[in-house]
Each structure stands twice: as structure tokens, then as C-alpha cells.
Amino acid sequence: MRVEDLDPPAFRERLRGEGVRLRTGPFVTSLRTTYKELADAIHCVYLDHEIEEGGFADFHVAIVPPRGIRRWIRSQALFLLDGWPLFEPYPGDLTMPLFEWGLNWCFGGAGHEYLILHAAVLERDGRALLMPAKPGVGKSTLCAALAHRGWRLLSDEMALLRPSDGMVLPIPRPIGLKEESIEVIRRFVPEAKFGPLWHGTVKGTVAHLRPPADAVRRAREPATPAWIVFPSWRRGVPARFAPHGRADAFLRCADHGLNYAALGLRGFETLAALVDRCRCLEFEYGELAEAVAAFERLASEPAG
Amino acid sequence: MIVFHAPSGDTHLLEPATGAALLLLREGPSDVPAMVRASGGGADVALLERLLAELEDLGVVERA
């Protein structure tokens with residue numbers, strides 16, 4: 001069963017009652033909420049995701065208002081994991097950003113069977129492109145564009161590396177875009193489906209882009225890492241790749257590792273194997289169309 | 001060269017000369033004269049002593 005098999009009122013009702021077990025890649029999250037706007041936003045941007053009927057859930061999440069006056073006056077929302085609040089209460093009109101960031105925290109903090117890097121991941125012809133980056137360098141904008149121009153989205157947020165064989169596992173979820181990136185992608189991908197705008201978050205206005213249906217339906221197909229690219233956006237610069245040293249690439253990836261330190265030697269060996277098998281590049285761009293063309297040329301290069 | 005120090009869980013980036021010294025020590029205990037000889041006589045003694053002191057400070061090698 002998929003989210004699309006329930007209409008929005010039925011989906012809302014499920015979330016208010018028994019909850020929904022939402023599969024995102026290897027993780028299943030049991031979710032409950034009483035917020036209509038959150039239910040509708042999830043229905044919109046997770047439309048193609050699977051709903052598990054029963055079975056094991058990795059995370060039991062509820063997004064609910066607190067008890068007391070903050071339920072009504074300057075309303076707040078709580079992200080509960082296993083019944084306990086994970087964070088300080090969040091503004092009650094920003095439930096979707098709270099849900100997305102809370103899920104990131106859950107996956108990054110508990111998915112220790114994988115080495116998890118903060119990176120966008122896309123795939124072409126079985127080869128995975130990893131783009132580790134700090135916020136604000138244009139990673140998500142580039143990822144959203146590529147995901148609608150021939151690359152399969154594995155994740156906008158985290159690379160899940162399986163230590164046993166070094167493969168990267170998909171965990172396709174909505175792509176979070178902020179501020180001017182939202183309009184950039186609306187223009188670049190007119191067919192893209194967005195959820196509502198959420199104003200006043202710590203990152204400004206954010207919106208979530210529904211991942212392509214094909215990427216969600218192929219969420220059990222891992223990919224072989226082939227490229228590590230460190231992107232950066234600068235107004236007016238031509239799109240260009242430049243080689244990046246492996247030792248520095250290793251350290252930068254480790255710096256983006258959500259659980260690198262927790263995995264110890266296993267994390268080191270997994271990351272070393274990743275860097276050894278990948279071509280490491282820097283990428284600078286100013287125009288999205290040029291960037292997409294540059295990645296098209298990269299994908300056309302023979303493997304190895 | 002990147003090395004992982006299991007006892008501390010730290011990851012270190014080493015310059016090539018330090019990495020070469022560490023690779024020699026992986027083969028077994030040694031001293032500066034023996035390491036100079038192993039390098040074909042080209043290694044600078046003062047540099048090697050400094051590198052070994054740095055590795056010792058990091059806890060990566062220890063004095064026998």
C-alpha cells in the first residue's frame with residue numbers, strides 16, 4: 001500500500017488514530033499526528049511512499065501539541081520519539097519542518113548499521129554520485145535539478161553506506177529547499193510538485209519537493225559509489241569540475257559523517273573504501289542549466 | 001596519508017614523510033639509524049627525530 005492509496009481525509013484519520021508506518025529506504029517510521037496541515041503536507045510530498053501494514057517500526061514518532069496553554073496561544077508542537085520529546089517545543093505552525101528535521105535526527109542518530117554522511121546522492125546507470133556539503137552551498141538545488149534531469153534520487157540529505165560491500169542505499173525523501181532556491185526550482189522544473197511554504201523557520205522560508213515517483217519505487221535498489229563531488233554555487237561563475245585530493249576528500253567526508261566517530265574502525269574502513277573507489281572532484285557553478293549539462297558529460301564518461 | 005588510531009578513535013592526516021616513517025614502524029620496532037638506512041640513506045636525521053616525536057605526542061607510536 002502507498003500513501004496515494006488513501007485520500008487526504010482518510011490519511012488524516014489514520015494519522016490521528018492508529019498511525020501510519022511510513023517506509024523511507026531501509027527505515028520504517030510509525031507516525032501519529034493530530035495536525036491537519038502536517039497530515040496534508042505529508043500526503044502531498046510522500047505520495048508515492050510505501051505504508052507498511054503492521055510489522056516492525058524503527059522509530060515511533062508523534063507530533064502533537066503540548067499540554068496546557070501553548071496548545072492554543074502562540075501554539076507549539078512537540079516531536080515525540082517513543083513518547084519522549086526530542087527537542088524543545090517548536091512553533092505549532094512549522095510542523096512539517098519539525099517532522100523532516102526530526103526524522104533526520106532519528107536516522108542519523110540510530111542508523112549505525114550504516115555509515116551515514118550528510119550528502120546528496122544520485123544515481124546514473126548504477127553509478128552513484130555523492131555530494132557532501134554544508135548548508136547553503138547549493139547542494140539541494142543542484143540535487144533537485146539533477147533528480148528531474150535523468151539522475152535517480154537516492155537522497156537529498158544522507159548517504160547510507162553499507163559497510164559489508166560499500167554500496168550506497170537509497171533513502172528517497174522530499175527535498176527541502178529554502179528561500180530563493182524554491183523559485184529557482186519552480187522555474188527549472190515546472191512539473192515539480194511542492195508542498196506548502198513554511199515561513200519563519202531558522203532557515204527562513206522552506207518548502208519540500210516531492211521526490212520523483214520512480215526514485216521512490218526503486219528505493220530498494222542500491223548503487224555503486226563512483227563520484228564524490230563537493231559542490232559550491234557562486235553567482236556568475238561558469239560550471240567546472242576540478243580534481244580534489246583523496247586525503248582531503250576523506251577528511252571532508254568524515255567531517256560530514258553523522259556517525260563516523262560512533263562507528264570507529266568500521267567507519268574508517270568504510271570511508272576509506274569509498275574514497276578509494278570514487279573519483280573525487282570539486283564543482284563550482286553559477287547557472288543550473290550549465291551545471292546539469294556538466295553532470296551529463298560526467299555521466300557519459302566510461303566507468304573506472 | 002590518512003591513518004586511524006584505534007585506541008583513541010582519532011583519524012589523522014599525515015604528511016608523506018611521516019606516513020613513510022609510520023609504514024616502516026608497522027613492520028616492527030626500529031630506531032632512527034635503522035630507519036635512515038631503510039630509506040636508502042636519504043632521510044634527514046633531525047627531520048625523522050621530529051616526526052617520531054610528533055607521532056609519539058599523538059599516541060600513534062611509543063618509545064621502547
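**Figure 1. Burial of strand β15(A) in the predicted model.** In this predicted model, six of the six residues of β15(A) are buried, so the strand is largely enclosed by the rest of the structure. Strand β15 of chain A covers residues 204-209. Leu209(A) belongs to this strand and, with a relative accessibility of 0%, counts as buried because the threshold for burial is under 20%. When neighbours within four places in sequence are left aside, the contacts of Leu209(A) include Val45(A), Ala144(A) and His148(A). Further partners of Leu209(A) are Pro174(A), Ile175(A), Leu177(A), Ile185(A), Ala192(A), Lys193(A) and Phe194(A). Leu209(A) and Leu115(A) are separated by 94 residues in sequence, and their C-alpha atoms are 26 Å apart in space.

**Figure 2. The open three-stranded sheet β13-β15-β14 of chain A.** Three strands of chain A form an open sheet in the order β13-β15-β14, with antiparallel pairing. The edge positions are taken by β13 (175-178) and β14 (198-201) of chain A, each of which pairs on one side only. From one strand to the next, the twist averages 35°. Helix α3 (residues 95-110) of chain A packs on the sheet and touches β14 and β15 of chain A. The direction of helix α3 makes about 70° with that of β14(A). Strands of a sheet pair through backbone hydrogen bonds, in either a parallel or an antiparallel arrangement.

Figure 3. The antiparallel pairing of β13(A) with β15(A) extends over four bridges. Within this part of the sheet, Ile175(A) has Leu209(A) of β15(A) as its bridge partner; Ile175(A) is also listed among the contacts of Leu209(A). β14(A) pairs with β15(A) in the antiparallel sense over two bridges. Thr201(A) has Gly204(A) as its bridge partner in β15(A).

Figure 4. Thr29(A) is located in strand β2 of chain A, which spans residues 27-33. Its relative accessibility is 2%, and Thr29(A) therefore counts as buried. Apart from neighbours within four places in sequence, Thr29(A) is in contact with Val20(A), Arg21(A) and Leu22(A), as well as with Phe59(A) and Val61(A). Leu103(A) and Phe107(A) are also contact partners of Thr29(A).

**Figure 5. Crossing of helices α7(A) and α9(A).** Helix α7 (residues 246-255) and helix α9 (residues 265-277) of chain A have axes that come within 10 Å and cross at roughly 135°. This angle makes α7(A) oblique to α9(A), because angles over 145 degrees would be needed for a roughly antiparallel arrangement. The crossing in which α7(A) passes α9(A) is right-handed. On the side of α7(A), the contact involves Arg246(A), Phe250(A), Cys253(A) and Ala254(A). These residues meet Phe268(A), Leu271(A), Ala272(A), Val275(A) and Asp276(A) of α9(A). By class, the contact between the two helices has seven nonpolar, no polar and two charged residues.

**Figure 6. Crossing of helices α4(A) and α10(A).** The axes of helix α4 (residues 139-147) and helix α10 (residues 288-300) of chain A come within 10 Å and cross at roughly 60°. α4(A) passes α10(A) in a right-handed crossing. Thr141(A), Leu142(A), Ala145(A) and Leu146(A) are the contributing residues of α4(A). From α10(A), the contact is made by Leu288(A), Ala291(A), Val292(A) and Phe295(A). The contact of α4(A) with α10(A) comprises seven nonpolar, one polar and no charged residues.

**Figure 7. Positive phi at Asp82(A) and Asp125(A).** Asp82(A) is not a glycine, yet it has a positive phi of about 55°. Asp82(A) occurs in the loop between β5 (76-81) and β6 (84-85) of chain A. Asp125(A), likewise not a glycine, has a positive phi of about 55°. The loop holding Asp125(A) lies between β8 (115-124) and β9 (127-132) of chain A. At a relative accessibility of 66%, Asp125(A) counts as exposed.

Note on methods
Residues numbered from 1 in each chain as written. Chains lettered and ligands numbered in written order. Predicted model: local features only at pLDDT ≥ 70, side-chain atom pairs only at ≥ 80, totals over all residues. Heavy atoms only, no water. Pairing = 2+ DSSP bridges. Axes fitted to C-alpha atoms, helices over the stretch in contact; angles between N-to-C directions. Contact = heavy atoms within 4.5 Å. Buried < 20%, exposed > 50% of the residue type's maximum accessible area, 1.4 Å probe, protein only. Parallel < 35°, antiparallel > 145°, perpendicular 65-115°, else oblique. Left-handed = near helix turned anticlockwise from the far one by under 90°. Nonpolar A, V, L, I, M, F, W, Y, C, P; charged D, E, K, R; others polar.
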